[in-house]
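Dear colleague,

I am handing over the structure that we spoke about, and it is placed just below this paragraph. Please keep it open while you read the notes that follow it.

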There are 2 protein chains.
Amino acid sequence: MLILGGAGFIGSNLVKALCASNANVKVLNHGPNKLPDYPTLEYIQGSISDKEVLGKALDGVTTVFHLISSTTPSSSNKDPVADIETNLVNLIGLLDLMKEKRISKIIFISSGGTVYGEPLYTPIDINHPLNPICSYGVVKVAMENYIKMYGHLYNIQSVILRVANPYGTGQSTLKGQGVITDFMYKIQTNRTIDVWGDGSSIRDYIFIDDLISLCIKASTSDIYGTFNVGSGSGYSVKQIISSIESVTGLKATINYMKPRLFDVKSVVLDISETQDKFSWSTQYNLIQGIKKYHEELLVSNNSEQSS
Amino acid sequence: MLILGGAGFIGSNLVKALCASNANVKVLNHGPNKLPDYPTLEYIQGSISDKEVLGKALDGVTTVFHLISSTTPSSSNKDPVADIETNLVNLIGLLDLMKEKRISKIIFISSGGTVYGEPLYTPIDINHPLNPICSYGVVKVAMENYIKMYGHLYNIQSVILRVANPYGTGQSTLKGQGVITDFMYKIQTNRTIDVWGDGSSIRDYIFIDDLISLCIKASTSDIYGTFNVGSGSGYSVKQIISSIESVTGLKATINYMKPRLFDVKSVVLDISETQDKFSWSTQYNLIQGIKKYHEELLVSNNSEQSS
C-alpha cells in the first residue's frame with residue numbers, strides 16, 4: 001500500500017494502525033520523516049508532482065490511499081488557481097501512472113463538509129446534489145469525477161470517502177484543520193476562541209479512530225463506490241465548546257465574528273449505507289471522542305515535559 | 001456585451017444575430033478578424049489567458065458570453081491536464097476580473113451531452129446526477145460549479161446552458177465539432193463516414209438558429225439558473241445519416257468502428273423547464289434543420305465558386 005500524505009493528520013493515524021497489523025506500507029511525503037520507526041514502513045521523501053519519485057513509490061503497490069490536500073476550505077477561495085494546479089493536476093498525474101502500472105485500487109478522502117454545499121435536506125445522503133460553494137469543494141468534486149472516469153475507462157476501482165470533520169490526536173493546531181483541535185488548544189492555553197457567526201452552525205464530527213477503522217475496512221474489502229463518513233449526528237459550535245469545557249473543566253472565552261459566505265449552516269451526513277456495506281459503526285460519540293483526545297493530549301504533553 | 005469565442009461556430013452566429021439588432025458587441029478571439037464588417041462590432045484579437053487584454057475587453061461590459069473551449073469531448077481524454085489548465089484556469093481568471101470590475105452577468109455554454117454521463121433515466125432533466133465520463137464533461141461541471149460559487153460569493157449572476165449537439169452553418173468540418181456537419185461534408189464529397197459503434201447511439205440535436213434565439217433571450221431577460229438546451233428529441237446516428245441522405249439525395253458509405261468507452265449510449269434532454277421559463281421553443285425539427293443547413297451550404301458554395 002502507498003499512503004500519499006501519510007505524515008499528515010489522517011495519514012499518520014492510518015500508518016500507525018496499518019503498521020500495528022504488520023502491513024507493508026509506503027509513505028510518500030514532502031518533508032523529512034517524523035513518523036515513528038515502524039519495521040514495515042518505507043518512508044520516501046518527495047513530492048507527488050515529481051513523476052519520477054511518484055513512479056518509483058508506486059512500484060509494487062496494489063492500493064493507493066490519497067490523503068493529500070494543499071488547501072483547506074477556508075484557504076482555497078483565496079487562490080482557486082493554486083487549488084486546481086496542485087490538487088487536481090497532481091491527481092491526474094497519479095491516475096496516469098496508476099493506469100500505466102496497472103494499479104487497480106485507490107481510496108480517496110473527499111469532503112463530506114463541502115461537496116454538497118447548502119443542504120437541500122438533512123441528513124445528507126450520498127445522492128444529494130453537489131453544489132459546492134468553496135473552491136475546496138469544487139476541486140474535490142472534480143477529483144471524484146476524474147477518479148470515476150479513470151475507473152470507467154481504465155479499470156481503476158475506487159473507494160471515495162466523503163469524510164465529515166475528523167478530530168483527534170495528530171491534528172495540527174497551526175493549519176486550522178478542525179474546530180475541536182483549535183478550540184481545545186485555545187481553551188487550554190487560555191486564548192480567545194474566534195467563532196465565525198453566532199455559533200449555531202452545525203457540523204458532523206468523527207473521531208479519528210472511527211475514521212481509521214473504516215479506512216482499514218475499505219483497504220481490505222472488495223467494496224467500491226462513494227460513501228459518507230461521519231458520526232451521523234450534528235452538533236453546533238456552541239455545543240462543541242460546552243462539550244470541551246465539560247471534559248477539560250476549563251472555561252472558554254469566545255469572540256463572535258461576522259459569518260463567512262462560504263460556510264454552510266448545517267452539515268449532517270446520512271451514514272446508513274456506509275454502516276451497512278462495511279459492517280462498520282462509530283465507537284465514540286462526541287463526549288467520548290473529546291475525552292479520549294484530551295487524555296491522549298495530556299499523556300503526550302506530560303511525556304514532552306518529562307523528556 | 002463581450003462574446004468570448006465570438007469567432008467560433010456558436011459565437012459567429014450569435015454575433016450575427018446581435019449585430020442584426022444593432023446591439024453593441026465586443027468579440028475577443030485569438031485569431032485575426034474573419035467576421036463580417038458589422039458596424040456595432042468591436043473585434044479584439046488576443047487570448048483570454050492574457051489578463052491585460054481580457055481586462056480591457058471587459059471594460060464597459062455588462063454581460064459576458066463564454067463560448068470558448070480548447071477541447072472536444074473526444075480530444076479531452078488524451079490530455080486532461082491541458083483541458084484543466086486552459087478551460088478551467090482561464091475561467092477563474094475571467095471570474096476574478098468580472099468580480100473586480102463588478103460585471104454581474106455571465107452566460108455560459110456547458111455541455112448537455114457530457115455532464116450527465118450515462119443517463120439513469122431519459123429524457124434527462126436538470127436535476128439528473130452529474131456523472132461525466134470524459135474530461136470535457138468533468139471540466140464543464142467544475143466550470144459550472146466555479147461560476148455558481150462566484151455567484152454565491154460575489155454576486156455574479158449566471159445563465160448556464162447545457163447545450164445538446166448544435167449543428168448548422170459556421171460549424172467546422174475540420175475539428176470534429178459535430179456529426180451532422182461531418183456526415184454532410186463526407187456525403188457531399190463522396191468520402192466514407194466513420195461511425196463509432198453500430199450507429200444506434202442516440203443524441204439530441206439542436207439547429208443553430210434555435211440555440212441562438214435562446215441565447216438572445218438569455219441575454220435580454222432576468223432569468224438565471226441552469227438549463228438544458230436541445231430539441232427534446234433523440235435520433236440515432238443511423239437516423240441522422242438517412243435524414244441527410246433524404247435531404248441531399250445522396251447515398252452515404254459507412255465504416256462501422258469499435259465503440260469508444262467515453263461515448264454514452266443515449267442522451268435526450270428534457271427541455272420543458274427551459275421552454276417555460278424563457279417562453280422559447282425550437283422552430284426546426286431535424287429534417288427542417290438539415291434542409292436549411294443544406295440550402296445555406298449550397299448558397300455559400302455557389303457564391304464561393306462565382307467569386
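**A residue in a loop**

A:Asp79 is partly exposed, with a relative accessible area of 39%, where buried means under 20% relative accessible area, exposed means over 50% and partly exposed lies in between, computed with a 1.4 Å probe on protein chains only. A:Asp79 sits in the loop between α3 (73-76) and α4 of chain A; helices (H or I, at least four residues) and strands (E, at least two) are DSSP runs, numbered from the N terminus. Between the C-alpha atoms of A:Asp79 and A:Gln239, which are 160 residues apart along the chain, the separation is 32 Å.

Before going further, please note that this is a predicted model, in which local features need pLDDT of at least 70 and side-chain atom pairs count only at pLDDT 80 or more, while totals for chains, interfaces and linings use all residues. Residues are numbered from 1 along each chain as its sequence is written, chains are lettered from A and ligands numbered from 1 in the order in which they are written, and side-chain values use heavy atoms, with hydrogens and water left out.

**How the two chains are related**

In general, two copies of a chain are related by a rotation about an axis and a shift along it. Here, chain A is superposed on chain B by a rotation of 180° with 0.0 Å of shift along its axis, at an RMSD of 0.0 Å, the superposition being by least squares on the C-alpha atoms of residues with pLDDT of at least 70 in both. The two copies are thus related as by a two-fold rotation axis. Which residue of chain A comes closest to the rotation axis? That residue is A:Ala142, whose C-alpha lies at 3.0 Å from the axis. As 100% of the interface residues of chain A are also interface residues in chain B, the copies meet through the same surface.

**Two helix pairs between the chains**

Helix α5 (residues 135-154) of chain A and helix α5 (residues 135-154) of chain B have axes that come within 10 Å and cross at roughly 165°; axes are lines fitted to C-alpha atoms, for helices over the stretch in contact, and angles run from 0 to 180 degrees between N-to-C directions. That makes α5(A) roughly antiparallel to α5(B), given that angles under 35 degrees count as roughly parallel, over 145 as roughly antiparallel, 65 to 115 as roughly perpendicular and the rest as oblique. On the side of α5(A), the residues that make the contact include A:Ser135, A:Val138, A:Ala142, A:Tyr146 and A:Met149, where contact means heavy atoms within 4.5 Å. The residues of this contact between α5(A) and α5(B) divide into 12 nonpolar, four polar and no charged; Ala, Val, Leu, Ile, Met, Phe, Trp, Tyr, Cys and Pro count as nonpolar, Asp, Glu, Lys and Arg as charged, and the others, Gly among them, as polar.

The axes of helix α4 (residues 80-100) of chain A and helix α4 (residues 80-100) of chain B come within 11 Å and cross at roughly 165°. α4(A) and α4(B) are therefore roughly antiparallel to each other. Among the residues that α4(A) brings to this contact are A:Pro80, A:Ile84, A:Glu85 and A:Leu88, and the residues of the contact of α4(A) with α4(B) divide into 12 nonpolar, no polar and two charged.

**Buried and exposed places**

Helix α6 (residues 179-188) of chain A is mostly covered, with seven of its 10 residues buried, including A:Ile180, A:Phe183, A:Met184 and A:Ile187. Is A:Asn190 buried or exposed? At 67% relative accessibility, A:Asn190 counts as exposed. In chain B, B:Asn190 likewise has a positive phi of about 65° although it is not a glycine.

A:Thr226, in strand β11 (residues 225-229) of chain A, counts as buried at 17% relative accessibility. Leaving aside its neighbours within four places in sequence, A:Thr226 is in contact with A:Ile126, A:Glu144, A:Lys148, A:Ile160 and A:Arg162.

**A cis peptide bond in each chain**

The peptide bond from A:Thr122 to A:Pro123 is cis, with omega near -5°, and A:Pro123 is placed in the loop between β5 (105-111) and α5 of chain A. In chain B, a cis peptide bond joins B:Thr122 and B:Pro123, with omega about -5°.

With best wishes
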